[in-house]
Amino acid sequence: MKQIFNIARKEFSDGLRNRWMLAISLLFSVLAVGIAWFGAAASGQVGFTSIPATIASLASLATFLMPLIALLLAYDAIVGEEEGGTLMLLLTYPLSRSQLLTGKFLGHGMILGLATLLGFGSAAVAIAVLVPDVSLGLLASAFIRFILSSTLLGLVFLAFAYVLSSRATEKSTAAGLALGVWFLFVLVFDLALLTILVVTEGRISPELLPWLLLLNPTDIYRLINLAGFEAGAQGLGVMSLASDLPMGLTALWACLLAWLAVILAWAHLAFAKRVG
Amino acid sequence: MTAVVELNKVNQHYGKLQVLHEISWSLQPGEIMGLFGHNGAGKTTSIRLILGLIRPSGGELNVLGGQAHDARVRQQIGFLPENIMFYPQLTGLETLQHFARLKGAPMSQVADLLEQVGLTAAGSQRVKAYSKGMRQRLGLAQALLGDPRLLIMDEPTVGLDPIATQSLYRLMEQLRSQGTSIIICSHVLPGVESYIDKAVVMARGRLEVVGDLYQLREHAGLPVRIRVRGLEGRELALPGIDSRNTLHDGWEELAVRPQSRLEVVSRLLQEQPQDLEVRPPSLEDLYCYYTEKAGAVGVAGVQQ
C-alpha cells in the first residue's frame, strides 16, 4: 500500500508541477460557466436557463472532453517510462507491476477528480451565487451526480490509456491508439448505431438496440446525467433509445463501474505481459 | 558461507531462442565480480535474472537467500543501469527522495549520498540540466540507497572523468570491506582488473570461464611477456621461449610459456640486465582469448 501511495504521490505532484491540474480546472471552469450562461445563445437566449438544460449541455461537452483529457494524461504512463529509461529501474525496486500501475491510476485519478471538482464545482458555485431563485437542492444533486460521473468516465479512459500504454512499444503509437479509442467511443460508435438503426429499418429487435448503448461508457455516462431530466433526453440522437432501456440509475452507475473494473483489469494484464 | 548469488545450471529462453545455456557460478559476501562478454553474450539477461525482472526458464537461481523477484530481496539490491535516466523534471534531491521512499531507505541518507557523489551543490538543479557524468553519479547514489548487500553496476564508468572513475573504484573497495558484494559489467577491462576478486567470461550465452585472475591465467596458459633492457645481441639459452622481439631503447620482449617464467626471470637476472619487467596476461588478453576460443570450443571450466 505504501508503494502505491509513493507512486501516486509522484504522479500527483507531476500533475501539479506541469500545470496539468491547473489547465484542466481552468478549462472546465471557463467552459462550464460559459455553457451555463451562454449555452442557449443559439436560440437567442442569453443567461442561465435551467439546471437540466445546463447539465445536458455540460454532459455533452464532458462526453468529448473527459475521455480526451484522461487519454492525454495517461497514454505515456508505461511506454513513456520505458522510453525515458526509468521503467526498468523502477521494476528493480521492491515494487510490483501491479503496485506501479495502481499508484499511477491513483495519482492520475486524483488529478482528474480534483480538476473536475474544482472546474465544474466553480460553475455550480457561480450559479448558486448569481442566479436568483435557483433550487439549491436540485443544483447540488445534479452537479454532484455530474461531477462524480464525469470523474468515473475519466477513470474508465485512464484505464484505457494504461492498456494502450502497456501494449505500445513507442510513445507515438500509444498516442495514435489513444486518438483511435477516443474516435471510436466518442464519435464513431453512436454514428454506427444510428446507421444500423436506419439501414435495418427496424428489422433488428427493438428490445436489443437500447442495450447496445451499454457497450459504450460515454453513452452510459450521458444516460446517468440525463436520467431524472426526462425532457433532456429528447432529440439527442441515440439517447432517444434510452427510453426503452429497462434500467434504473443505480444499474447505470454499476455498468460504468463495471467498465472501469474490466478495463483496469485488462490494463493490469497487459502490463504484466509486457516484456521489459 | 552462504552465497549472495548462486546460479545452478540456469537456462533462459526467449521463445524458441535459448540465450543462456546451463550457467553456473556463485558470488560470496564481500566479493567483487566482473561479468564480461561480447554484446549479446548473455550478461544483460544474467543481470535481469538476478534483479528478478525475468524468471529463469530452467535451473536454480538464489539471490540473497531467496527468490530474485521477492520484494524483501530487492530491497537489499542496488542497481546502477547502463546509461541511467531519471525524471528530467525532478531535481537531483527530489529524485533521490523518490527512490529512497520506494526503497524504504531513511531520508537522512539522501543528503549523505548526494555529498558522497559530489552532487550536494547540484542537488537543487533539475536532472534535465545534468551532464552524463552527473547523471551517472546520481545513479550511483540511487544504487547505494538503503545500504544494499548486493550492488550491481552495468558500465558504471561511462561518462565519468578519470578522477570520478578512481573514486568509484575506491568506493567499491570500501563497500567490499563492509561486506557488500558487487557485480560489475564493464568493457573498460584495464580499469577494473585490479579491483575484481573474480571474473566471469561469457560468450554466446555460455559460461566460458569463472575464477580469479590467477586461475584464469593458469587455465589459459597464455605466454608471459618479459621485457629486458641491456641484453641486446647477447645469446640467451632460455627454456620455454616462444619469441624474442627487439623493441626500442635497448628493450627486448620475450614471450615465455607460463610454466617457465620463474626460471627465465632467474636466468635473466644472472645476465645482469639494466632493467626487467614481467607482464602476465592482462584481463583484456584473457577476455580476448576466451571470447575468441568460444567460437571453436565449447565451455571451458575453471569452476570454483
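Trainee: Is Gln178(B) buried or exposed?

Mentor: In this predicted model, Gln178(B) lies in the loop between helix 6 (162-177) and strand 7 (181-185) of chain B. Its relative accessible area is 55%. Exposed means over 50%, so by that cut-off Gln178(B) is exposed.

Trainee: What distance separates the C-alpha atoms of Gln178(B) and Glu277(B)?

Mentor: Along the chain, Gln178(B) and Glu277(B) are 99 residues apart.

Trainee: Is Thr157(B) buried or exposed?

Mentor: Thr157(B) lies in the loop between strand 6 (150-154) and helix 6 of chain B. Leaving out residues up to four places away in sequence, Thr157(B) touches Gln136(B), Thr165(B), Leu168(B), Tyr169(B) and Val188(B). The relative accessible area of Thr157(B) is 9%. Buried means under 20%, so Thr157(B) counts as buried.

Trainee: How does Arg244(B) count in terms of relative accessibility, and what is the value?

Mentor: Arg244(B) has its place in strand 11 (residues 241-246) of chain B. Beyond its neighbours within four places in sequence, Arg244(B) is in contact with Leu231(B), Gly233(B), Arg234(B), Leu236(B), Glu252(B), Glu253(B) and Leu254(B). Arg244(B) counts as partly exposed, its relative accessibility being 33%.

Trainee: How far apart in space are Arg244(B) and Arg227(B), C-alpha to C-alpha?

Mentor: In sequence, Arg244(B) and Arg227(B) are 17 residues apart. Their C-alpha to C-alpha distance is 9.6 Å.

Trainee: What percentage of the residues in chain A is buried?

Mentor: The accessible surface of chain A comes to about 12,000 Å², with 71% of it belonging to carbon and sulfur atoms. Of the 276 residues in chain A, the buried share is 53%.

Trainee: Which helices are included in what covers the buried residues of helix 10 of chain A?

Mentor: Helix 10 (residues 217-226) of chain A is mostly covered, with 10 of its 10 residues buried. Among them are Asp219(A), Arg222(A) and Asn225(A). The cover includes helix 3 (51-74), helix 7, helix 8 (171-200) and helix 11 of chain A.

Trainee: Is helix 7 of chain A roughly parallel or roughly antiparallel to helix 11 of chain A?

Mentor: Helix 7 (residues 136-167) and helix 11 (residues 249-273) of chain A pack with axes 8 Å apart, at an angle of about 20°. Angles under 35 degrees count as roughly parallel, so helix 7 of chain A is, relative to helix 11 of chain A, roughly parallel.

Trainee: How many nonpolar, polar and charged residues has the contact of helix 2 of chain A with helix 3 of chain A?

Mentor: The axes of helix 2 (residues 20-38) and helix 3 of chain A come within 10 Å and cross at roughly 165°, and the two helices are therefore roughly antiparallel. Their crossing is right-handed. Residues making the contact include Trp20(A), Phe28(A) and Leu31(A) of helix 2 and Leu58(A), Leu61(A) and Met66(A) of helix 3 of chain A. By class, this contact of helix 2 with helix 3 of chain A has 15 nonpolar, two polar and no charged residues.

Note on methods. Residues numbered from 1 in each chain as written. Chains lettered and ligands numbered in written order. Predicted model: local features only at pLDDT ≥ 70, side-chain atom pairs only at ≥ 80, totals over all residues. Heavy atoms only, no water. Axes fitted to C-alpha atoms, helices over the stretch in contact; angles between N-to-C directions. Helix = DSSP H or I, 4+ residues; strand = E, 2+ residues; numbered from the N terminus. Parallel < 35°, antiparallel > 145°, perpendicular 65-115°, else oblique. Buried < 20%, exposed > 50% of the residue type's maximum accessible area, 1.4 Å probe, protein only. Areas by Shrake-Rupley, 256 points an atom, 1.4 Å probe, with all protein chains shown as cover. Contact = heavy atoms within 4.5 Å. Left-handed = near helix turned anticlockwise from the far one by under 90°. Nonpolar A, V, L, I, M, F, W, Y, C, P; charged D, E, K, R; others polar.
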